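Hi,

Here is the structure I promised to pass on. Have a look at it first, and my notes follow below.

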Amino acid sequence: MADYWAGRDILSTRDVPREAIEQIWHKAKKYDDAVTHKKSYDKHSGKVLASLFFEPSTRTQFSFQTAMQRLGGSIIAFSDADTTSVSKGETVYDTIRMVESCADVIVIRHSLEGAARLAADAASIPVINGGDGANQHPTQALLDTYTMFQKKGKLDGLTISMIGDLKNGRTIHSLCYALANFDCTIEMWSPPQLKLPQIILNDISEKVKVVELESLDLSNSDVVYATRIQKERFDDPEEAERYSYVIDAESVRKMKDDAIIMHPFPRVDEIATEVDSLPQAAYFAQEANGIPVRMAILDSVLG
Amino acid sequence: MDSEQDKMKIKKIENGVVIDHIPKGKGLAVLSILGIGEGFHATVSMVMNTPSTTMGLKDIIKIEERALEEKEINKIALIAPAATVNFVHEFQIVKKRKISVPDAFEDVIRCPNPKCISNKEGRPLLKVERKSPLHVRCAYCERAYSSEELLELSSFVA
Ligand SMILES: [Zn+2]
């Protein structure tokens, strides 16, 4: 397969073939030293990334900006839509038409779902979705699957347990579609009102085995993917209390010895800090993987 | 049309379009998807709940002195995929057509997701994923809907 991503937009993990995901992993592996040795490349010097964060996210934005700079490129950015003409009612479409003459690639985050797709319609240069509402966050799914590949060597045969808020998390939605390409089992545990949307469950159940856990039993898991449950999602604070969970050293002891724990961050108290030093804790490595994976993504779409 | 008797329920039209085999009670929805309302000037007649040999009861719409374009006709698929469209010229049916489900509904009906950007800017674009039973998916927010859900949750683009 030729480079799947050359000149393409990255908007969603739905309908992305397995080979395209694996291409990103193999390329990302070559860029690991951008983190381990702070190494920079001059592969894309002179190229410009437009980083358009209509909705703020320091983590994703830093990761993209570092990735572009490590590739030798530069950045134009806004991160607070209130300070731009956007607040005066300018459409995403018009903003993109203005920006595309300044840049070679665009990353966009927006609170409305489908905003990245609309941006891609407007732009003649590649558009990368940095998160659109509750819909998708495809680059997170690529770095998540890369972390699983890095830590476990393969995804086929793994049991991946997703726990927490599976309804509102775009990270979860993108990851589900990405994992549906592999021969793995997805276990799910969430409060009843925060289950994975039925639409997504239908889509992925055709391709991958999905098991709903009755209780938070992680003894079969190879990968535990924990997400935050926001208290504001519940009408009743007592109910929020009932479904809150904490992964601590004791819960890690009940897991497989070689299980890994991941989290898309920010965490509040789902994972106790005592877990941070245990070998199962993979979430800081996962977070750092954002850089080589986004380097691989930018390198691929820039061609 | 099912019988001579049925035809008598509304007078024959000289020129225009007859939309037949609309599921009973869906006639009004067909009118609204075609944008036929207050600002529409041609003569329109509708029969509701008329007996049909194949469907039990059905609705029929007749629009006089107005040709419908292919694109307009296919919108009806959302409501009445089994409808037939008869083109009438000088009291004769000159062409009979079945509805064909289009590949996408563009600018026909809004995406029901209030957080979808297509409701703020751009044009609603719902791609057909399965024709029978009809399922669509928003090209923007990627949510999928059955035609029943879509009609229940959303409104037509005026
Ligand atoms: Zn939509």
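Before anything else: this is a predicted model, so please read the notes that way.

One pair ties together distant parts of the chain: B:Cys116 sits in the loop between strand 6 (104-106) and strand 7 (125-130) of chain B, while B:Cys141, 25 residues away, is in the loop between strand 8 (135-138) and strand 9 (144-146). B:Cys116 counts as buried because its relative accessible area is 0%, and B:Cys141 is buried too, with a value of 1%.

Now the interface. On chain A, 19 residues are in contact with 15 residues of chain B. Together the two chains bury about 1500 Å², and carbon and sulfur atoms give 48% of that. As for charged and polar pairs, there are five salt bridges across the interface, and 13 residue pairs of chains A and B are in polar contact. One of the salt bridges joins B:Glu129 to A:Arg14, with their closest N and O atoms 3.8 Å apart.

Which helices of chain A each supply at least two residues to the side that touches chain B? They are helix 4 (92-99), helix 5 (115-122) and helix 8 (198-205). Helix 5 gives the most, with four residues.

Cheers

How values were computed
Residues numbered from 1 in each chain as written. Chains lettered and ligands numbered in written order. Predicted model: local features only at pLDDT ≥ 70, side-chain atom pairs only at ≥ 80, totals over all residues. Heavy atoms only, no water. Buried < 20%, exposed > 50% of the residue type's maximum accessible area, 1.4 Å probe, protein only. Contact = heavy atoms within 4.5 Å. Buried area = accessible area lost by both parts, 1.4 Å probe. Salt bridge = Lys/Arg side-chain N within 4 Å of Asp/Glu carboxyl O. Polar contact = N/O pair within 3.5 Å; in protein donor to acceptor, adjacent residues only side chain to side chain.
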